[in-house]
Amino acid sequence: MKKQFIKSLFEYHRNTPPMPYRSSICELIERMREFLFPQFSEHCIVNETQIAAQYELIYSQAIDILSGMEMDLPKPAKEIADELFDALPGIHEMLKKDAEAIFSGDPASTSVDQVIRTYPGFRAIFSHRIAHELYRMKLPLLPRIISENAHSHTGIDIHPGAEIGEHFCIDHGTGIVIGETTKIGKNVKIYQGVTLGALSVDKSMAETKRHPTLEDHVVVYAGATILGGDTVIGEDSVIGGNVWLTNSVEKHSIVYHRPQIVMKNKKELMSKSS
Ligand SMILES: CC(=O)OC[C@H](N)C(=O)O
């Protein structure tokens with residue numbers, strides 16, 4: 001029995017490529033975070049030469065990792081690293097705006113610095129903006145490793161394919177799911193437990209837009225579920241907590257869910273039922 005298991009497991013190992021640099025990928029993302037946001041770093045940088053040295057270090061680490069995954073890459077590792085690093089200034093600007101959006105969107109936050117250092121929403125959007133760049137270059141594995149690593153730390157599941165505009169605010173965040181073909185405009189705010197999902201999960205839908213579009217200035221409150229690739233939430237709309245929505249709404253709409261029944265005189269009701 002044991003011998004047979006070892007034999008079949010060996011066959012499985014032999015036919016399955018390992019995942020090189022799995023832990024180094026997560027380390028690289030941490031390094032990028034420290035590099036772009038000193039709020040995460042344990043070390044103080046005192047001059048530009050040190051920044052330049054860090055850049056080179058992270059860049060060569062990225063090339064090492066990408067080269068180790070060569071069989072899965074759509075183009076040479078160096079080209080991918082160059083494209084990613086060329087995009088870094090833009091990503092950095094976007095992320096500073098995201099941190100600003102979280103700060104101005106949450107009365108409980110005390111500073112942008114606090115948001116960057118502590119908010120899970122910021123951590124999730126940080127990983128997403130890097131992962132999305134790699135997704136656009138059609139890397140099959142790396143973006144997903146990055147996004148699932150952020151998911152495991154934050155409880156926020158953003159597929160690397162989702163297109164998210166600037167000034168994106170996630171407050172709390174636990175349980176958020178944002179599907180692959182979601183499109184989110186600028187200045188959008190979403191709370192914990194929101195699902196931007198697909199109406200049909202048939203495998204044949206893989207190349208189709210399956211997830212909704214949220215236009216600029218939309219707010220989606222906790223627990224709302226918005227489904228479907230043709231579902232468009234018009235700009236400046238508010239989707240209330242626990243709403244279940246599978247159709248589009250016009251701009252400036254408010255959609256709310258009000259199933260609660262309030263029964264007064266609890267004592268009287270309980271005495272009747274006993
Ligand atoms: C978020 C969501 O609806 O996911 C369902 C499925 N993974 C898909 O991408 O269609």
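Good morning, colleagues. Because the model is predicted, local features need pLDDT of at least 70 and side-chain atom pairs count only at pLDDT 80 or more, while totals for chains, interfaces and linings use all residues. Residues are numbered from 1 along each chain as its sequence is written, and side-chain values use heavy atoms, with hydrogens and water left out.

I begin with the overall picture. The protein has eight helices and 14 strands; these are DSSP runs numbered from the N terminus, with helices being H or I of at least four residues and strands E of at least two. Its C-alpha trace spans about 70 × 60 × 40 Å along the principal axes. Of the 274 residues, 43% are buried, that is, under 20% relative accessible area with a 1.4 Å probe and protein chains only, where exposed is over 50% and partly exposed lies in between. The protein exposes about 15600 Å², of which carbon and sulfur atoms supply 55%; the areas come from the Shrake-Rupley method with a 1.4 Å probe.

I turn now to empty space. Rolling a probe the size of a water molecule over the atoms shows where such space is left. On a 1 Å grid over the protein atoms alone, a cavity is a set of points where a 1.4 Å probe fits but cannot get out, whereas a pocket is an open set with protein on both sides within 12 Å along at least five of seven lines; lining residues have an atom within 4 Å of a point. Grid points are joined across faces, edges and corners, and a volume is the space filled by probe spheres set on the points.

The largest pocket holds about 250 Å³ of space. It has 15 lining residues, and those closest to its centre are Glu-34, Phe-35, Leu-36, Ile-51 and His-92. Helix 2 (22-36), helix 3 (48-68) and helix 4 (77-105) each give two or more residues to this lining, with the largest share, four residues, coming from helix 4. By class, the pocket lining has 10 nonpolar, four polar and one charged residues. Here Ala, Val, Leu, Ile, Met, Phe, Trp, Tyr, Cys and Pro count as nonpolar, Asp, Glu, Lys and Arg as charged, and the others, Gly among them, as polar.

The search also finds four cavities of 30 Å³ or more. In the largest cavity there is about 90 Å³ of space, and its lining includes Ile-25, Met-32, Leu-84 and Ile-146. What classes of residue form the lining of the largest cavity? There are 12 nonpolar residues, no polar and no charged ones. Helix 2 provides the largest share, four residues.

The second largest cavity has a volume of about 40 Å³. Among its lining residues are Glu-30, Arg-33, Arg-123 and His-153. By class, this lining has two nonpolar, three polar and three charged residues.

Finally, two local features. Ile-170 lies in strand 3 (residues 169-170) and is buried, with a relative accessible area of 1%. Beyond its neighbours within four places in sequence, Ile-170 is in contact, meaning heavy atoms within 4.5 Å, with Ile-102, Gly-121, Ile-156, Ile-158, Ile-176 and Ile-190. Helix 1 (residues 2-15), by contrast, is hardly covered, as the count of buried residues among its 14 residues is zero.
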